[in-house]
Amino acid sequence: MSLTGPEDLSRAPIGIARLPVRELFGTALAGLATRRLRAFLSALGIAIGIGAMVAVVGVSASAQANLLAEIDALGTNLLTVTPGQTFLGNNEVLPAASVPMIAHMQHVDSDVAIYQVSVADVYRTPLVPAAQTGGIGVDAAGENLPQVLGTSTASGHFLDAIADRYPEAVLGAQAAQGLQIDQVGGHVLVYLGRTWFTVVGILEPALLDSTLDSEVFISLPVAERIFQVRPHPSEIYLRASLNEVKGVSSLLPPTTDPQHPDGVQVSRPSDALEARAAAKGQFTTLLLGLGAVALLVGAIGIANIMVISVLERRSEIGLRRALGATRRHISVQFLTESAILAAIGGLAGLLLGAGATEVYALTRHEPFVVPLYALIAAPAAGFAIGTLAGLYPALKAARLSPTEALRV
Amino acid sequence: MTSPATALVLSDVVKEYPGGVAALRGVSVGIGRSEQVAVVGPSGSGKTTMLTIMGTLERPTSGVVHVGDRNLAAVSDAELAGLRAHEIGFVFQAFHLQEAMTAVDNVALGMLYTGESLKRRRAAASAALERVGLGHRLDFRPQQLSGGERQRVAIARAIAKRPKIILADEPTGNLDSTSGGDVVSLLHRLAADGATLGLITHDESIASGFPRRLQMRDGEIVADERA
């Protein structure tokens, strides 16, 4: 036996088994690099799941952004005044004087009134049975209706001075469809309240108030003359100055009907449309669920690949234990491998989803929008789920007895 | 029994595996510092089990193991790993080299859990490969090396961290007699620097080259011969 020298360390503390983080990543990357195709395929599983979810969110967000942009382009300063109901539940009537009163209000840029012609229905010919109105209503309207509503005629022109004297009609987009009239070229007539009216124009869809699409418009003088319509407006549209919309809207009821301001309803159509756009923008739960299923399958793929990897690499695990790895080192190594796969899959999924959204937006000429939360949540979710999937194989690897593993 | 001169002491060590199989039935042996010991015996006699218990890869069912003056019963699993990382080098019959790594990286892997930087581990690995005579094979992968060369890479991996104890389990089992002889003389030479060497073999000619031989049978040491 040899003598012990001064360098004898038998009483010295035991050196710690350490695995610096940099070495851990190097080890994990090397472990993946030897199985590139499998690593790629299992990361692809996560990427497809995350990609599907990002695309669902992105496409709905883009569609919503597009709708909001359209609403903004039409203007959010449109207000409508309609008669409400009395205390006893009867319909209020707006005074005839309300139209000039509103026109004279400060900060009201333009306005137009509509008068319901309830006694008349519209048919293509008198041969159509009276009950088949097609749900088309008749209104008398001022000349500037398209301007105030931010729409225009798809064919022909709107009511003008001539229409004040002769029976001329303009069709809303849906009404035109119902009557099967797609252009006004030539001499197109409709049978309106037992009188033949010449169709002089067809309107584009009125996005701000789509109820007008199923209406047929005639001039107020003609309506008064032929159908004895009394000049009580059924609806008044007006444009307020952009920064005065709230003020104007609060002054409208007393201006419209000073005696019964409670019987006047004021609304802002763009509000309702924006709410509807927001609801429409909500990604459908079903699609998101499908994305989640894809993600789950991806996670199972990672778990599967790691379980196989642990089985295949038993001798490596045994060797590492012999070289001084603790159980924790082994589990952390395998967990890091699946975390790297998951992170790569998550980021690739984000790109995939964003790319799909971009293609969708380009083909639909819509703005490209991927919400910020998706940018962060998507890779994070992929990372978390993939790492979770690697947990069981990692613990399995750590539990392997080193001597048994070395026997392979 | 735990004088500073002893590197390893097993006192009445019993190792039973689930099912009641007793691989060791009360083994007591002390191995001194820098001592070179061959363990011989038929297969199933408990040689490998004794080596894994000496190497702290397993704990005994009963009995006491000292490495240096440390009673391993009082040492945590993480500390045992630390002991293996810094003080014990293993050589296996099956080499256990990583196919995807070059010789120098395989050797550097032997020091991974010491916490040394890759640069320093590579430097130590190159030096260790020089010592085993493979300085010209640093960037070769295992499949490009002969069996004897592979085992020398594995030996370099075991000695790169300058362990106090080298444990070799049938290191010549997969080699022809010439390269087997080379490997054993290499181990003798390296251990002469001051490390304790424990080597399992069933080859009498190899065992006869050791100053001390432990004969095992049925989980017991039946003979402790010194030259």
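Predicted model: local features only at pLDDT ≥ 70, side-chain atom pairs only at ≥ 80, totals over all residues.
1. Helix pair in chain A. Helix H2 (residues 36-74) of chain A packs against helix H11 (residues 327-364) of chain A, with the axes 6 Å apart and an angle of about 35° between them. The crossing of H2(A) with H11(A) is right-handed. Sorted by class, this contact holds 22 nonpolar and 11 polar residues, and no charged residues.

2. Helix pair in chain B. Helix H5 (residues 147-159) of chain B and helix H6 (residues 177-191) of chain B have axes that come within 9 Å and cross at roughly 15°. H5(B) is therefore roughly parallel to H6(B), since angles under 35 degrees count as such. H5(B) also passes H6(B) in a right-handed crossing. On the H5(B) side the contact is made by B:Gly147, B:Gly148, B:Gln151, B:Arg152, B:Ile155 and B:Ile159. These meet B:Ser179, B:Asp182, B:Val183, B:Leu186, B:Leu187 and B:Leu190 of H6(B). The residues of this contact comprise 6 nonpolar, 4 polar and 2 charged.

3. Contact between the chains. Chain A puts 31 residues into the contact and chain B puts in 32 residues. On the side of chain A that touches chain B, the elements giving two or more residues are helix H1 (21-33), helix H10 (314-322), H11 and helix H13 (402-406) of chain A. H10(A) has the largest share of that side, with 5 residues. By class, the chain A side has 14 nonpolar, 10 polar and 7 charged residues.

4. A chain B residue with chain A partners. B:Ala78 lies in helix H2 (residues 77-87) of chain B. Leaving aside its neighbours within four places in sequence, B:Ala78 is in contact with A:Ala17 and A:Thr326. B:Ala78 counts as partly exposed because 15 other C-beta atoms lie within 10 Å.

5. Nonpolar cores. The largest nonpolar core has 129 residues, and those that touch the most other members are B:Val107, B:Ile155, B:Ala156, B:Ile166 and B:Leu187. H2(A) gives the most to this core, 15 residues. A second, separate core has 56 residues, among them A:Ile71, A:Ala120, A:Leu171 and A:Ile218. For B:Ile155, the contacts beyond four places in sequence are B:Val91, B:Val132, B:Val183, B:Leu186 and B:Leu187.

6. A:Glu235 belongs to strand S10 (residues 235-240) of chain A. A:Asp121 is 114 residues from A:Glu235 along the chain, and their C-alpha atoms are separated by 19 Å.

7. Positive phi values. A:His365 has a positive phi of about 55° and sits in the loop between H11 and helix H12 (372-399) of chain A. A:His365 counts as exposed because it has 7 C-beta neighbours inside 10 Å. B:Arg162 has a phi near 55°, also a positive value, and is in the loop between H5 and strand S7 (165-169) of chain B. B:Arg162 has 15 C-beta neighbours inside 10 Å, so B:Arg162 counts as partly exposed.

Conventions:
Residues numbered from 1 in each chain as written. Chains lettered and ligands numbered in written order. Axes fitted to C-alpha atoms, helices over the stretch in contact; angles between N-to-C directions. Helix = DSSP H or I, 4+ residues; strand = E, 2+ residues; numbered from the N terminus. Left-handed = near helix turned anticlockwise from the far one by under 90°. Nonpolar A, V, L, I, M, F, W, Y, C, P; charged D, E, K, R; others polar. Parallel < 35°, antiparallel > 145°, perpendicular 65-115°, else oblique. Contact = placed C-beta atoms within 7 Å. Buried ≥ 20, exposed ≤ 12 C-beta atoms within 10 Å, placed from the backbone. Core = buried A, V, L, I, M, F, W, Y, C linked by C-beta atoms within 7 Å.
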